[in-house]
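Keep the structure in view while reading.

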Amino acid sequence: MKKILLVVLCALALGTQMSQATRTNEPVPVAASSKSARSTVKSVFQNGIGKYPFDINLLTVPAVKNRLVALLGAKRYNFMVKNFDVETPIEFTSWNFHTMACQAHNCGTTEFEISYNPDSDALAVRYRVDDKEQIFKEKKSVNAIWDY
C-alpha cells in the first residue's frame, strides 16, 4: 500500500511539473542547458566531493580541461587522460581539493595527482611517468597537497 501511495504521489508531482512547463510555453533558457560550459573549476571540484573523477568527467569538463592543457601542454594532458585509470574519489581538506589516479597495472610508476586550492584558484599536478616525476603549478607560491 505504501509503495502504491508513493508511486501515485511521484506521478502527481511529475504531472504537476510537466503541466506547469506546458502551460507557460516558455523556452528553456540557453544558460540552463549550457551549465557545464559555465562551470568553474571550483564548482566542479565542490560538486565532485566523494565522487570519482570518471563519474563527473573531471578531466574533460571544459573549465578544468582548458586549464590542465594550459598547465601541462596538450601532449602530457592527453597522456594523463589516457592513463587516468585507477582513481581515488575527490576529497577536500581544510584548504584543498585533491584526487589522484594511476595507470592500470602500473601504479607507483605512472601516476597523476591533482590538487586545487580554491582560495587562490590554483591547480597543481604531480605528473609521474616511468618513475620520472614533474610538478606543474599554476601559481608557484601556492602549496599543493603533497607540499605538506
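About 50 Å³ of space lies in the largest cavity. The model is predicted. In it, the count of cavities of 30 Å³ or more is 1.

**Cavity lining**

- Strand 4 (111–117) and strand 5 (122–129) are the elements that give two or more residues to the lining of the largest cavity.
- Strand 5 gives the most, with 3 residues.
- Ser115 and Asn117 are among the lining residues, and both numbers fall in the range of strand 4 (111–117).
- The lining also includes Ala122, Leu123 and Ala124.

- The lining of the largest cavity divides into 5 nonpolar, 3 polar and 3 charged residues.

**Disulfide**

- The count comes to 1 disulfide.
- Cysteine 102 and cysteine 107 form this disulfide, with their sulfur atoms 1.7 Å apart.
- That distance meets the cut-off, because a disulfide is a pair of cysteine sulfur atoms within 2.5 Å.

**Exposure of the two cysteines**

- Cysteine 102 has a relative accessible area of 6%, so it counts as buried, the limit being under 20%.
- Cysteine 107 has a relative accessibility of 45% and counts as partly exposed.

Methods
Residues are numbered from 1 along each chain as its sequence is written. This is a predicted model: local features need pLDDT of at least 70, side-chain atom pairs count only at pLDDT 80 or more; totals for chains, interfaces and linings use all residues. Side-chain values use heavy atoms; hydrogens and water are left out. On a 1 Å grid over the protein atoms alone, a cavity is a set of points where a 1.4 Å probe fits but cannot get out, and a pocket is an open set with protein on both sides within 12 Å along at least five of seven lines; lining residues have an atom within 4 Å of a point. Grid points are joined across faces, edges and corners, and a volume is the space filled by probe spheres set on the points. Helices (H or I, at least four residues) and strands (E, at least two) are DSSP runs, numbered from the N terminus. Ala, Val, Leu, Ile, Met, Phe, Trp, Tyr, Cys and Pro count as nonpolar, Asp, Glu, Lys and Arg as charged, and the others, Gly among them, as polar. Buried means under 20% relative accessible area, exposed over 50%, partly exposed in between (1.4 Å probe, protein chains only).
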